Each structure stands twice: as structure tokens, then as C-alpha cells.
Amino acid sequence: MISYAYTAGLFGIDSYEVTVECHSDTKLSVFEIVGLPDNAIKEAKERVKAACINSRLPFPDKEIIVNLAPADKRKEGSSFDLAILISILSNTGILENSHLTKDCAFIGELSLSGDIRRVNGALCMVLASKQAGRKKIFVPYENAKEASVVSDVEIYGVKNVLEIIDHFNGLRPLTPTVYEPCLETAKQTYPDFKDVLGQRGAKRAAEIAAAGGHNLLLIGPPGTGKSMIAKRLPSILPEMTFEESIETTKVHSISGLLDEHTSLISTRPFRSPHHTMSAPALAGGGKIPMPGEVSLANNGVLFLDELPEFNRLVTESLRQPLEDGKITITRTAGRLTYPCNFMLVCAMNPCKCGYFGHPTKECTCKPNDIKRYISKISGPLLDRIDIQIEVPSLNYKEMSQGQATESSAQIRERVNKARRIMQERFKNEYKENGSPITCNAQMEAKHIRKYCTLSPICSALMEKAFNTLGLSARGHDRILRLARTIADLADSPEIESNHIAEAIQLRGLDKKYFK
Ligand SMILES: Nc1ncnc2c1ncn2[C@@H]1O[C@H](COP(=O)(O)OP(=O)(O)O)[C@@H](O)[C@H]1O
Ligand SMILES: [Mg+2]
């Protein structure tokens, strides 16, 4: 006789249904698992057997063969344990009413004692099971909140094997976990922009960057508030849409970074890796490729403080993710793709001593050293940073009368409003690679032509800037994207000349530092 149980396997951020088939025969006492299992799944044999015995359930004393189908897909991890056990218990009749498991999926790792342990990537697997038509999905209790986000399926959080057996045998029916939108946003507290004195230009740049999702570079002498401003960005980032939340939660779920109380990540992530990090840690990698910092920052901010201190190989590996919004990692097991739509925020001193271009302090660096310091940042990377702005040293007056600055909540209100305008504008627009557009920074050439049309006056202003600043076509488009965001912040359907003028200013550093 053959019995079946359904579960799901992970492949990057994608998941697919796996059917566990169990065949038993009265001949010998053997237990085999086939279907391209990796070592963790081979070990499943021992876990399943021990969990069964320690739950005081009889483990069949006959030949048992378990197949994980489709057999040609490489399967990794320990989340198949529960489905394997269910298929065996159905086969031997210990699970009465096993016909009831037909529209169910089982996801979970077993401990030797029969407890069900949390797994990574539960959200992705539940989505795949739902896609395959399963209506009731049994997940580890600690993954239940996360899984409950998926609508139109019943999620059962289970703590141990006996709970499931009693549920199907009608002794102790389980109740499904109901999704409660968590108030994570309210709980998380970020530092507030009202602490930042002066620096009106940089704060305005941060607001524009947050609204349009533009990459941002802050450059200036030490101690002027660059790190302070960057760390306050999360407090003004726009609300996440539900789709963005799901996508971000999936990546964190695969990485095992969700705790049992989190259902959906509803605040944009802020990742601030140290400059000693390796390229694989940034981009993603490993034997079983895991998402890197660029993917953990998906739909949020990746902050690189002291940019020139990062290994050039590391910063260079940012180029492709910045361009594509997703990253593909190739391994013998296949190619995995993770999303990485993030806003890049960088901070740096203009030179080693930090005082190049300072109005009063003298820079002690030699001209060649200054060049070398700046040249650590490659042109192609700079090219992808829409806003490059100076954070100058404060004078005493700004320091002493800085009380009446705006709070993050006030800024965020404007940012949210502008972002809603963008979401409405782009609801039917897609990038060349098929991914949806959510903010102005993601506009490609054809969208710029469509949504950033200029009046004759603006056009003339643009032409002048183009000629005097020696802009490239890329630089030209970048200014248009910024101008669109500035216009959206002003709730202006048309791009006006003052919007263009401000956008040009946000690109004013090329001449001073990088040319
Ligand atoms: N604009 C500012 N407003 C208020 N405090 C500031 C400002 N700039 C610097 N500071 C003070 O100096 C400290 C160092 O600032 P930081 O942001 O780390 O400077 P850096 O520009 O070197 O990154 C801050 O913790 C804060 O106490
Ligand atoms: Mg700093």
C-alpha cells in the first residue's frame, strides 16, 4: 500500500510542493528515503524514528520506503520530517482518518523527543502549498504567526507529534491560527530627525531620497552628523505596501531572522554592515546560498558608513544588484535568485584626514592621497547614486539655535503622501525585467520619457545645466527622476523650474570631489 503526505521544498525565495510517498512491505525491517535527499534528509530517518518511538507511537517493523517527489529536484533542509512521519503513520493506520490529510500540507522539523521545531522559510513554503491547492497547513507552533499571513488557508501551529495525531483521530481538534496584523511599526523606535541641528540641506536630501527611493551619498568632515542622519532615515521611510511586506518577510524567513512573535515585517529594514564584511556576506552565498545584506535590505535601506573603508571588491559587487533589483547566485544545485530592491545610503569623509575643502581647518593630506582616497569609490558605483550631497561643518549659530527643527513624524507624513502619488502613477508600469515599479528611483528610460515631460522653460534650464555641468545621458535622466520626486513632494503634477533647479543642486559634488 502507498500513502501520501504533502509538504514543500525551498529553492531560493521560491518554493515548490513536494509529495512524500510511503510504501511499506511486510518483508524486512528496513527504512529508506529516496528522491535526491541531502544529508539533512538522510538524517531525517533517525529523527523520524526516534520522534515516533518517543511519542509512544509504534514504529512499523517492516520495510518502509519513502520517496520525495519530484525526485529530480535537489532537496535541502530538515523541514520534510513531519510530512515523512505523517506518510508513515498513515500507511500503518496509526493515523486514523488519513484520507483527511489529502488537502493538508505538513511542514516542520522533528526533534528526537517528538517536538516540532521551527523551520526557515515557512512563509514561502506555505505559499507554495496554497498554490498547489492545499487548504490546511500544519506548521511548527513558532512559525504559525508568520504563516498566518497567507490568506484563504487554515494554518495550524503544532508543538508536537501527538497534537497532530489527536487532531486527526478526533480526540483533541486544533484551532487554526488567526492572522493579527502586528503593531510592529508602533513598537520599533528609531532615533528622530529632531535631534539633528542645522544641516537643512542634508535633511531635505534625506527627505527626497526617502520619498523617491533614491540612493544617497553624504560627504563631509568628521562629526557633522552624517552617520546621525543616515541612522534616522528609517524613521521617515514610507509605509510598506502589503506586497513589499510579504517579499521582505520571505527573505528574513529564509534567513531564520524572524522571531516567533513576528507575523509580517511591516517596517522597512535598515541594514548597516561593517566595512570589514566580505563580498559573499554582502551579495549572498554559501554552500546552500543564503540571502546577503543586499537582500536583507530588500525594500529598505542598506547603509555603508565610511564607504572608502570597504574593500573595493565588495562595493563593486553592488553594481549589478543596484541595477537589477535582484541577485542571482549560481551553485551546482542550480541558480537561486533573491530580490534586492534597496536604497543605498553611503557616508564618507572627503579625504583621509577629513578636512579637504573645509572652510577653516587645514587638510593635511597630500594631493595624491586625496585622489587615491576618493578613487577608492568607482565611477560606475557613483553613477548609480542619484543624490550626492555635502554635509558641512556647523557654525556656532546653527548649533545654538537648533531647537525648532522638524520631527521625523512630520517629515514622514510628506514622504508617505509623495509615495502614494508614485504608487498610483506606476500601478500598471513594469521594468524591462518584468518587476513592478514602486517609486521614482526605479523609473527606466521609457518611464522617464512618459512621466517627466518638461515645459519649454524647464527644458531650457536643463539644456543649460547639461552644457555647463557636462552631464552624461545617465546624469540627465537622474536629474529628471529627482525632479519628479521633488514635484511629487510639492504635490505638483508638472515638473516646474524650481524642481529642476533643486534636482541639479543635489548633484553638485561631482566637480568638487570626483572630477
Ligand atoms: N548636526 C548635528 N546636530 C546635532 N548633533 C550633532 C550634529 N552633528 C554631529 N553631532 C554630534 O556629533 C556626534 C557625531 O556625529 P556623527 O553623525 O557620527 O558624525 P559623522 O559626520 O562623522 O558621521 C553625534 O553623535 C552628535 O552628538
Ligand atoms: Mg560617521
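View 1. Helices (H or I, at least four residues) and strands (E, at least two) are DSSP runs, numbered from the N terminus. Ala, Val, Leu, Ile, Met, Phe, Trp, Tyr, Cys and Pro count as nonpolar, Asp, Glu, Lys and Arg as charged, and the others, Gly among them, as polar. Residues are numbered from 1 along each chain as its sequence is written, while chains are lettered from A and ligands numbered from 1 in the order in which they are written. Because the model is predicted, local features need pLDDT of at least 70 and side-chain atom pairs count only at pLDDT 80 or more, whereas totals for chains, interfaces and linings use all residues.

**View 2. Confidence along the protein.** The protein has a mean pLDDT (the predictor's confidence in each residue, from 0 to 100) of 88, and 96% of its residues reach 70 or more. Where pLDDT is low, the predicted coordinates should not be read in detail.

**View 3. Helix 20 against helix 21.** The axes of helix 20 (residues 473-489) and helix 21 (residues 497-505) come within 8 Å and cross at roughly 125°. Axes are lines fitted to C-alpha atoms, for helices over the stretch in contact, and angles run from 0 to 180 degrees between N-to-C directions. The two helices are therefore oblique to each other (angles under 35 degrees count as roughly parallel, over 145 as roughly antiparallel, 65 to 115 as roughly perpendicular and the rest as oblique). On the helix 20 side, the contact is made by I479, L482, A483, I486 and A487, and on the helix 21 side by H499, I500, E502, A503 and I504. Two residues are in contact if their C-beta atoms, placed from the backbone, lie within 7 Å. Eight residues of this contact are nonpolar, one is polar and one is charged.

**View 4. Helix 17 against helix 20.** Helix 17 (residues 408-425) packs on helix 20 at an angle of about 115°, with the axes 8 Å apart. R414, A418, I421 and M422 of helix 17 meet T485, D488 and L489 of helix 20. This contact has four nonpolar, one polar and two charged residues.

**View 5. Helix 1, helix 2 and two loops.** R56, in the loop between helix 1 (39-54) and strand 4, has a positive phi of about 60° although it is not a glycine. P70 lies in the loop between strand 4 (63-69) and helix 2 (81-91), and a cis peptide bond with omega of about 0° joins A69 and P70. The axes of helix 1 and helix 2 come within 10 Å and cross at roughly 60°. Helix 1 and helix 2 are therefore oblique to each other. A44, R47, V48, A51 and C52 of helix 1 make the contact with D81, I84, L85 and I88 of helix 2.
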